[in-house]
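Here's a quick tour of the fold, taken piece by piece. Have the model open and follow along.

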Amino acid sequence: MGLHLGDTAPDFTAMTTDGEISFHEWKQDSWAVFFSHPADFTPVCTTELGRTAALKDEFAKRDTKAMALSIDPIEDHHKWAPDIGEVTGTELNFPIVADPDHRIAELYDMIHPGEGDTSTVRSVFIVDPANKLRLMLTYPKSVGRNFDEIVRVIDALQATDAHPIATPADWKPGQRVIVGLAVSTEDAKKQFDNVEEFKPYLRYADAPR
Ligand code: BEZ
């Protein structure tokens, strides 16, 4: 059966560029971005892993850890890792899982046979502190991901977990938010600043601080 939002992110133990890691134990009660890429020594993947490394401080501000995976063996990961720093300017600073027997890729449904071969597509899982899957994205092999979007979703998830709000299309941190449907407009005016009712079901408010 496939994975769904709200499911517990499957746990696994695997060899990574940082040694053997058990996913839940490594993650502890942080957020995590767990993502697959098709192969080592490939151009798009090199840019993506460099970009993730460059986001280290942004992820840390959000109590978020990054972990990548491909089906290449650990020896290849170790040989490729220096290229990431050389090409993108930021050394690898998070673990890459080696999954040569496809065990974890299959657990997370990261291999899509229609996409050419048995390498993993570009899957992204955002996992919350309770190990629940909160976002799943799937990109084709030829298209590099937008990591600003991944950070934006973490911000939105953390804001909507903390307050009875939702975020509108293209929302960015600091912009106005949508009052949750379970909150009456009268109650919203007590909880939020500058509540504006466009429709009984669509109320905007300033982002809570
Ligand atoms: C890449 O990372 O450049 C790539 C990998 C597999 C297929 C297409 C592109």
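This is a predicted model: local features need pLDDT of at least 70, side-chain atom pairs count only at pLDDT 80 or more; totals for chains, interfaces and linings use all residues.

Zoom out a bit and you'll find an open sheet of four strands, ordered β8-β9-β11-β10 and paired antiparallel.

Now look at the edges: β8 (165-166) and β10 (196-199) sit there, and each has a single partner strand, so one side of each has no neighbour in the sheet.

Next, turn to helix α2 (residues 43-54) and helix α4 (residues 74-88). They pack with their axes 9 Å apart, at an angle of about 75 degrees. Angles of 65 to 115 degrees count as roughly perpendicular, so that is the label for α2 against α4.

Who makes the contact? On the α2 side, C45, T46, T47, L49 and G50 take part, and they meet W80, D83, I84, V87 and T88 of α4. Sorted by class, the contact of α2 with α4 comes to five nonpolar, four polar and one charged residues.

## The overall layout

Stepping back to the whole chain, the division is into domain 1, spanning 13-145, and domain 2, spanning 163-205. How far apart do the C-alpha centres of domain 1 and domain 2 lie? The separation between those two centres is 35 Å.

Key
Residues are numbered from 1 along each chain as its sequence is written. Side-chain values use heavy atoms; hydrogens and water are left out. Domain bounds come from an automatic or database domain assignment. Axes are lines fitted to C-alpha atoms, for helices over the stretch in contact, and angles run from 0 to 180 degrees between N-to-C directions. Helices (H or I, at least four residues) and strands (E, at least two) are DSSP runs, numbered from the N terminus. Angles under 35 degrees count as roughly parallel, over 145 as roughly antiparallel, 65 to 115 as roughly perpendicular and the rest as oblique. Contact means heavy atoms within 4.5 Å. Ala, Val, Leu, Ile, Met, Phe, Trp, Tyr, Cys and Pro count as nonpolar, Asp, Glu, Lys and Arg as charged, and the others, Gly among them, as polar. Two strands pair if DSSP finds at least two bridges between them.
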